[in-house]
Amino acid sequence: MLWHRRAFAVLYLLSAVTALAMEVIWTRLLVSILGSAIVATACVLAAFMGGLGIGAFIGAAFGDRLRRPVRFFAVIQLISAAGAFLPQVTGLVASELAFSVGLGAVTIAAIPLGLVFPVACRVRASDYSHRGPGAGRLYALDTGGALIGCLGCGLYLIPVFGMWHSLVGLALVKVLIAVTACGLPDKKDRPFTPAADDSDRRNGSVRLLVLVGVQGFCLLGAEALWIRLLAFVLFKGSTIYAFVAMLATVLGCTSLGAWLASRLVKTEAAAFKLAVRAAALTGCCLLGSYAALLIVGPLPSPAAIGPADLLITLLACGPASFASGLVFSAVVSVLQSGSAAGTTGRVLGVNTILAVAGALLVPLVLVPWLGLGISLAIVGLLPLVAAWLVSIGRGARLQAGLVGLGLIGALGLLLAGPGWVRNIGQPIYYAEGRDVSVAVIEVKGGRRLFVDGIAVAGSDVIMATDQKTLAHLPVLLHPQPGRVLTVGFGSGGTSGSLLLHEDLEVDCVEISETVVTAGRFFYTVNLGLFNEPISPRYNLIIQDAKRYLAETETLSDIIVNDCTDLAYRSDASLYTREFFISAKEHLRPGGIAAAWIPLRGQAPFDVLRSVIATFGSVYADMSLWVFDAYPTHFGILIGTSKPLTIDLARIRKVLENRKVQVDLKYIGLDDPARLAASYYFNDTQLRQFVSSVDLNTDDRPLVEFLAPLESGDDASAYQFLETLGQASAYLPVDCSAEDLNRIGQKLAMRPWLLAAHRAFFEEEERTARTLYIQALRMSPTDNVPRTLLGALPNRIKTLNDKIQKGDEQARAKLGAIHLLEGRYYQALEVIQPGLLKNERDPMANLVSGMASLLLGDSRRAQGAFLGVIRATRHGLLHDRAMQGLALSRLPRFLQIIIEALTFYGL
């Protein structure tokens, strides 16, 4: 009857949904153990495909002899339900064995999943009406169900329910499938007798199997490259969304191609022709995907993942996947006439076993050896060559021509070079490692290190601020540190600054050796860390931080979490409760944990709230530190086992180390009072802000899923601080009256500086300058606002030297600086000698007019402004003089109201 055929098709679809969802969970589970997302994903994918291949070959061996295939299908579902929990055994073995045991568990758990397809083909063959879904349509159902499982698990189940509960739910669905299948007709008296085979059919089968195997190798190899490239050029560096989008595209387009082929081919000759042409099309499309990603390049944007990312993914990965589906379905649709389970099992087995080779060899061997571009070019050329070789003797001229065109196209793409680097800037160093691509780019103010298109470190002052504060702050807060562990190397800036503290031993754990190699281009910020001989107090460990903490017994006084971006790769896994607990267990009594966090985000800032709540769930006391010396977008969370104390005497003693003082002076934090005033929010305020927020855990990694979906530029960091509320003021221990006065000045200045930084990021330079001026007025000797306004003491000295040599333009500039500082009489004293020499000097008259206006001498101000207007017919000075003349004719109270609007022009 028709109903039971449709019912079986639905059950088969659900089986495919649960199988792919299980694979996604197993991949995440083992990635958290190994650490390197690229390597772990490749290994888990290979283990999964290997299990499928073994299951397919087993099904091919005895599937045709099954007398009750529906019952056997039900048994397979029950076995799969039990096997779903096999990879969980990794948590019960020693850490050094966990990954190997996990891969073996994934392979074993995938074997029954591989049995499903040939058994389903046997179910269809046992139906004499042949009105049930054929092998080609079954494959389309299989890939379509996998698409649903990929999207459902990757975007919903894991972030909402967590991995464990999702796995339990999937196992229950498997049981439900088995129970339902037992109710379908499955009579013993319907044996299947395969049709007789012959030598011509076997010869054709071998040729088609070659194409299927090459397709499996190339498509899985391409998938490994696509995951990396898509995370590089799109998706804000998020591996999880790149993986889900890529896999969903591959599965959806493969399913469409398989369905179409099942409708088009009816004979072996037609299948052979379609398979060969589709294989050649696969190669062309793979080369086209390289071209698409080469042209796009990374598009730095604060926007969240959107339709553009998905569209480019579809264009890059979809055509080759569609062609691959055509090849597979064209083969199984015809060859199944020789044997239902036997042929389809062999086809799937060859496809998956060679897919294992592609999943391992391409990302782990070809990329480190040849690079991303050549690897993808090779993957694109292989199907073209295979199609040509298989079609020799059957009209191979077209395929030979396509091979030639493919070689020319691949060569052109390789000569064009990596567009994802060009779109960032001109690299002075570029390297592609096994898991990351690293570029050192010359930018205004210094150099920056880009890892997979994400700026992670640099020598410019803003980038240097986060590296140096992360190094010095916890050391200054700890009463007597002896050993520090820093997670992440970057440019080596944090490590180099830590080594300035002469009694400190520093351990640094970094997952990528390629990143460390690039550190040699940042000797100014890492303070010559690689100069020979390397300090014996420094120990660099190339390993995943989570694995390192799981295996080491070394305890530290300070652990520093120096990551890059919560949306990038698996960085969010270093902000889970489990990682924070592991770090805490490796702290000595009285130890300090410091975690760098980006403050950018989108209201209501769910990602930041989750990170802070997770951090606070582990440490008894936490505080958030924000630095105002330069426009930045980050903060530092400090966690301790008891309330934190700030000892100014110890800070002063540490700053007696000239090297430490100079290092902090570079970022404007060599003043103990400013360091103390950087304490921004206390434990009570933070816990109130993050109350009733879900924690970020390994089982339910909310941050990894939510961070790429939030938009937010650097200015949003200051919106976040406003959302937190009124900042706290903390008084250090043994605080003298002088200390209290200095800290009070910094605290009073802080709102003006932060507001100015926000205006700076919003490209409101006039507003920013006005606010910086106000901050300077509150403390004319403070070097921070002076630096931001270009009024540094060394510049004043330079201007005085120029004045001594008769440079009257320098005199006008010095007078303008005194105006910025609110020293109006000094401004007039500096500018007056110049006016005596040249009473028509427009700049000197403008400064004189401004100073006179602010001193209340409107008459003198009007004369000076008129002098500027007579000397200049247009331009900035003319406009400012016109504004000043208008102000000089207003009542004094109006002058005071709009005073700030005048100064930005100076």
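**Salt bridges and a helix pair**

Q: Where does R448 fall, buried, exposed or partly exposed?
A: In this predicted model, R448 has a relative accessible area of 24%, which places this residue in the partly exposed class.

Q: Which side chain does R448 meet in a salt bridge?
A: The side chain of R448 forms a salt bridge with that of D460, and the N to O distance is 3.0 Å. The two residues are 12 apart and link distant parts of the chain, since R448 belongs to strand 3 (residues 446-451), while D460 sits in the loop between strand 4 (454-458) and helix 15 (461-477).

Q: And is D460 buried or exposed?
A: D460 counts as buried, because its relative accessibility is 7% and the cut-off for buried is under 20%.

Q: How many salt bridges are there in total?
A: The count comes to 19 salt bridges.

Q: OK, and where are R652 and D739 in the chain?
A: The side chains of R652 and D739 meet in a salt bridge at 2.3 Å, N to O. R652 is in helix 21 (residues 648-654) and D739 is in helix 27 (residues 737-761), so that this pair, 87 residues apart, links distant parts of the chain. R652 counts as partly exposed at 37% relative accessibility, whereas D739 counts as buried at 9%.

Q: Which residues are linked in a network of salt bridges?
A: One such network links D628, D671, R674, R742, K746 and D782.

Q: Changing topic, at what angle do helix 3 and helix 6 pack?
A: Helix 3 (residues 69-83) packs against helix 6 (residues 163-181) at an angle of about 165 degrees, and their axes are 8 Å apart. The two helices are therefore roughly antiparallel to each other, and helix 3 passes helix 6 in a left-handed crossing.

Q: Which residues make the contact?
A: On helix 3 the contact is made by V70, R71, F73, A74, Q77, L78, S80 and A81, and on helix 6 by A171, K174, V175, I177, A178 and A181. Sorted by class, this contact of helix 3 with helix 6 has 10 nonpolar, two polar and two charged residues.

Key:
Residues are numbered from 1 along each chain as its sequence is written. This is a predicted model: local features need pLDDT of at least 70, side-chain atom pairs count only at pLDDT 80 or more; totals for chains, interfaces and linings use all residues. Side-chain values use heavy atoms; hydrogens and water are left out. A salt bridge is a side-chain nitrogen of Lys or Arg within 4 Å of a carboxyl oxygen of Asp or Glu. Helices (H or I, at least four residues) and strands (E, at least two) are DSSP runs, numbered from the N terminus. Buried means under 20% relative accessible area, exposed over 50%, partly exposed in between (1.4 Å probe, protein chains only). Axes are lines fitted to C-alpha atoms, for helices over the stretch in contact, and angles run from 0 to 180 degrees between N-to-C directions. Angles under 35 degrees count as roughly parallel, over 145 as roughly antiparallel, 65 to 115 as roughly perpendicular and the rest as oblique. A crossing is left-handed if the near helix is turned anticlockwise from the far one by less than a right angle, and right-handed if clockwise. Contact means heavy atoms within 4.5 Å. Ala, Val, Leu, Ile, Met, Phe, Trp, Tyr, Cys and Pro count as nonpolar, Asp, Glu, Lys and Arg as charged, and the others, Gly among them, as polar.
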